Amino acid sequence: MNIILLGAPGAGKGTQAAKIAEKYSLLHISTGDIFRANIKGGTEIGKLAKSYIDAGKLVPDEVTCEIVKGRLTEINDGFMLDGFPRNLFQAQELDKFAKIDLCLNLDVDDRLLLDRICGRRMCVCGASYHVSSLGGKTACEKCGKELYQREDDNPQTVGARLETYNKQTSPLISYYGKQNKLATVDCGTMSPDEVFGCVVKVLDKFIK
Ligand code: AP5
Ligand code: MG
């Protein structure tokens, strides 16, 4: 099973991806994580990506598509794309090098997103928290390392990221809808576990 996780910044793609990857043994490929690893490693791709990410814009398609194409040629099993494709060009390119079975769209009210993103705290181990659930703690509950905030998780960049999503990424909802490959989970104010319950229902039905 090859799936795409679609959703606005802060919709919960990364949160659900971790749960889905574990339950369904899918390889999780996050273009945002790949770019952040490149920025940390000081690579040429990282240097290029940083200016776009800091501005809340999309990293150029040719760079992004090459990275994903490269990753997908290395794997034989099912995969889950988180944050790719992000516009119609990327979706059409993806169709040339991979077969997508399902696009899972996480639908969250725009008004919840800013608080979620600006309150997010990350750990190098991959864990993610919201300040409201940390009770003042600054270390990761899983590995004890100090938590940090993503550089693009500030109100100004988040505004630009949401605009980019609405203009360039949201048309993918109808792109996959027209192909009968779309399943939307209306997340409302559900907790991550409740959202995962809905995701499991969709995926189990799809697999059968
Ligand atoms: P990327 O890393 O993909 O960021 P994003 O799409 O903006 O999404 P986020 O990672 O911020 O949110 P998420 O949906 O994963 O939510 P999460 O689960 O963490 O991309 C970053 C940048 O890289 C882009 O802006 C772009 O510049 C570049 N880029 C990436 N891909 C690209 C591409 N294909 N082409 C070009 N450029 C590209 O949850 C968020 C918070 O909410 C957390 O605190 C979490 O704990 C909390 N939360 C999650 N679920 C719930 C819930 N149900 N209830 C309450 N809180 C919740
Ligand atoms: Mg994410």
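Figure 1. One aromatic pair is found in a search of the whole structure, a pair being rings of Phe, Tyr and Trp (its six-membered ring) whose centres lie within 6.5 Å, with planes under 30 degrees apart counted as stacked, over 60 as edge-to-face and the rest as tilted. The partners are Tyr-175 and Tyr-176, in an edge-to-face arrangement with 4.9 Å centre to centre and 85° between the planes. Tyr-175 and Tyr-176 are both buried (buried: under 20% relative accessible area; exposed: over 50%; partly exposed: in between; 1.4 Å probe, protein chains only). Elsewhere, the charged end of Lys-23 sits over the ring of Tyr-24, 5.7 Å from the ring centre; the criterion is NZ of Lys or CZ of Arg within 6 Å of the ring centre and within 35 degrees of the ring normal. The model is predicted: local features need pLDDT of at least 70 and side-chain atom pairs count only at pLDDT 80 or more, whereas totals for chains, interfaces and linings use all residues. Residues are numbered from 1 along each chain as its sequence is written, chains are lettered from A and ligands numbered from 1 in the order in which they are written, and side-chain values use heavy atoms, with hydrogens and water left out.

Figure 2. No disulfide, defined as a pair of cysteine sulfur atoms within 2.5 Å, is found in the whole structure: the search gives zero. The closest cysteine sulfur to that of Cys-103 belongs to Cys-187 and is 13 Å away, too far for a bond. Cys-125 is likewise in no disulfide, the nearest cysteine sulfur being that of Cys-123 at 3.6 Å. With a relative accessible area of 42%, Cys-125 is partly exposed, while Cys-103 is buried at 0% relative accessibility. Cys-103 belongs to strand β4 (residues 102–107); helices (H or I, at least four residues) and strands (E, at least two) are DSSP runs, numbered from the N terminus. Beyond its neighbours within four places in sequence, Cys-103 is in contact (heavy atoms within 4.5 Å) with Ile-4, Leu-6, Tyr-176, Lys-181, Leu-182 and Ala-183.

Figure 3. Helix α2 spans residues 31–41, and its buried residues are Thr-31, Gly-32, Ile-34, Phe-35 and Asn-38. These buried residues fall within an arc of 160° seen down the axis of α2, so they line one face of the helix; the arc is that of the directions from the helix axis to the C-beta atoms. They pack against β2 (27–30), α3 (44–54), α4 (61–73) and β3 (79–82). On the face turned away from the buried side lie the exposed residues Ala-37, Lys-40 and Gly-41. Gly-42, which follows α2, has a positive phi, near 65°.

Figure 4. Arg-150 is located in the loop between β6 (128–130) and α7 (155–169) and is buried, with a relative accessible area of 14%. Its side chain makes a polar contact with the side chain of Asp-152 at 3.0 Å; such a contact is a pair of N or O atoms within 3.5 Å, where within protein one must be able to donate a hydrogen and the other to accept it, and residues adjacent in sequence count only if both atoms are side-chain atoms. Setting aside residues up to four places away in sequence, Arg-150 touches Arg-36, Arg-120, Met-122 and Arg-161. Arg-120 lies in strand β5 (residues 120–122) and is buried at 16% relative accessible area.
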